[in-house]
Amino acid sequence: MAATVPRAQAFEVRRTAEGLELELTGEWRVREVAAIETALAAIDLRTVPRVRIAAEGITELDLSGAWALRGFIARARSAGAEVTFRGAPPDQLRLIEQTLVDEPARALRLEAVAPGEPGERLLIAIGRYVVRSAHELVHGLAFLGRSLTTLAADLAHPRRLRPISIVRHVYDTGITAMPIVALIAFLISVIIAYMSAQQLRGLGADIYVVDLVAIGVLRELGVLLTSVIVAGRSGSAFAAELGSMKLNEEVDALIATAADPFELLVVPRLLGLVIALPLLTVIADLVGLSGGALLCRLLLDMPLTQYVNRVEYAISPTTFWVGIIKAPVFALLIAFAGCYRGMQVRGSARELGHLVTVAVVQAIFLVILADALFAVLFMRMEI
Amino acid sequence: MEPVLEVRGLVNRFGSQVVHDGLDMQVQADDVFGIVGGSGSGKSVLLRTILGLQRPSAGTVRLYGKDITQLSEAQLRPIKAGYGVAFQEGALYSGLTVLENVQLPMIEHLELPPDALDGLARLKIRLVGLPAEAAAKYPAQLSGGMVKRAAVARALALDPQLLFLDEPTSGLDPVSAAAFDDLVLYLQQHLKLTIVMITHDLDSIFRTCNRVGVIVDRRMESDTLERIVNYPHPWIQAYFHGERARARLGAEHGA
């Protein structure tokens, strides 16, 4: 902006026998400072014994302008020139000196912190990371333990449960998630049916499409995809909600009134999600199976009765339960990641954003890790 | 002389609620102008209107002769660079250090080399009476008084000639509040600032302001401090001569 406005020259330089005469003119305002600094830097100060500055011609001088002048004076002095003013030096220079009277000490202290060798720094970084991770783990376990003991205590004294709060969380995490969960379950069953139909038709094994859809959706995909969606929706919501409450000192206000934030904030979210996620999973299973039926009808001309019969034949009594049993566990993990990260927020809006991200990523990671463990467990149990 | 800030016939309406109805206000260069009013009288709405954060229902707001209610966002930009605002709670960017907070307006509006940016920002931080170490701290690590000072440092980033302060001494202990008043006077004298401040603090008003505008009945009564304390309006009387004010006024007249 400053560059586009034609600007009167800020100073005139005259070289005399004695040295340099600097006649300052016009406005030395913050908008012109960048240009003035460039112009001042262009002045050749080599072999100049003395610099005389006349500042009376300045019409406007603000602190930034004075800063540029001060920088020039310092440069002239370090180049060996003697700097004097014709008339009084501007007040603003004196204000700056007055303000920064103890500044050099600080600059020296900063230089004292020298970075180590590259190898050493890497080692330090690794060490810090390990220590931080260990702390994280301990804190995370402590949080989980505290949540679960509070939950257990509340369950032992059901009057301490917060039914209204729990219902609200069932609504927020469950009811409002139904459309998106149903849509995703439908699309996933379409994908499985389509892919497997393409492969199996060549072998004349069309009927196994039904097996793939039914077992895939009921055992794994229904609960897994629902959990991933809920982790994205509700894990982030938990972290953001608790995090901004922390920033607002609302959590501190609770503690100060001797209310337990775990009992009021964490447990209702845990319980709400533990109730909502299995229900969502049932919906995902239903919609997934229906999607499979539709696709089998369209792709393979399979009548509905045949589809239903085949589903009944394909699945064992445990198939549905193997899927649904995982839902409360996943719900606990998601709610835990969201609440834990939310309660970790301290200080800044940036931290809030960072921890919400961490909460979602960790929730999804924990869900998939737990699912893998379940897969191994169920295989060992031969279910 | 042309006033720095001139508000004429300002009307602010939210639905059926009328906050301002024909409010006039004038601030001359080098004034320290205090805006006073009861809770809910529309002090903050007035400030938001002057800052261009919201458009008034009617009336004009002239800053340096330009009616900001008629300007587009782009036209407002240079005008906004010409004044500084320190918000009540500081409104420091929580993810940035104090130094970065002060540098942000400079980076947005100026093209300064990094060392000048650094030096100027540190100068502003020292100027408002913060220790040099405060530059590297985050807002959450500062005390209430330091947050207010840091907010002023950021408001001074572009060397404005006009400074708005929203309740600068609220939430400070009397000693810190008095120190803040001294800072306001110091800055006003050395930087030749025009200052507009919203405040409830009688001590602050008597210490720093030369003119006071009181928002009563959706309008503003403004005059010099000496004269306005004798205005007959009941709210003004209650404010300047109430239980809490009497001690202060007595001391003032005795001096």
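Colleague: In this predicted model, over how many bridges do E1(B) and strand E2 of chain B pair?

Modeller: Strand E2 covers residues 17–27 of chain B, and its pairing with E1(B) is antiparallel. One position in this pairing sets Leu5(B) opposite Val27(B) of E2(B). The number of bridges between E1(B) and E2(B) is eight.

Colleague: Which residue in the hairpin of E1(B) and E2(B) takes a positive phi near 60°?

Modeller: The hairpin formed by E1(B) and E2(B) has two residues between the strands. The residue in this hairpin with a positive phi near 60° is Gly15(B).

Colleague: Which residue of E4(B) stands opposite Leu5(B)?

Modeller: Strand E1, residues 5–14 of chain B, also pairs with strand E4, residues 58–63 of chain B, and this pairing is antiparallel with five bridges. Within E4(B), the residue opposite Leu5(B) is Leu63(B).

Colleague: Which are the edge strands of the open sheet of six strands in chain B?

Modeller: The order of strands in this open sheet is E6-E7-E8-E3-E9-E10 in chain B, and the pairing is mixed. An edge strand here pairs on one side only, and this holds for strand E6 (83–86) and strand E10 (219–224) of chain B. Neighbouring strands of the sheet are turned against each other, direction ignored, by an average of 15°. The edge strands are therefore, by the pairing of strands that defines them, E6 and E10 of chain B.

How values were computed:
Residues are numbered from 1 along each chain as its sequence is written. Chains are lettered from A and ligands numbered from 1 in the order in which they are written. This is a predicted model: local features need pLDDT of at least 70, side-chain atom pairs count only at pLDDT 80 or more; totals for chains, interfaces and linings use all residues. Helices (H or I, at least four residues) and strands (E, at least two) are DSSP runs, numbered from the N terminus. Axes are lines fitted to C-alpha atoms, for helices over the stretch in contact, and angles run from 0 to 180 degrees between N-to-C directions.
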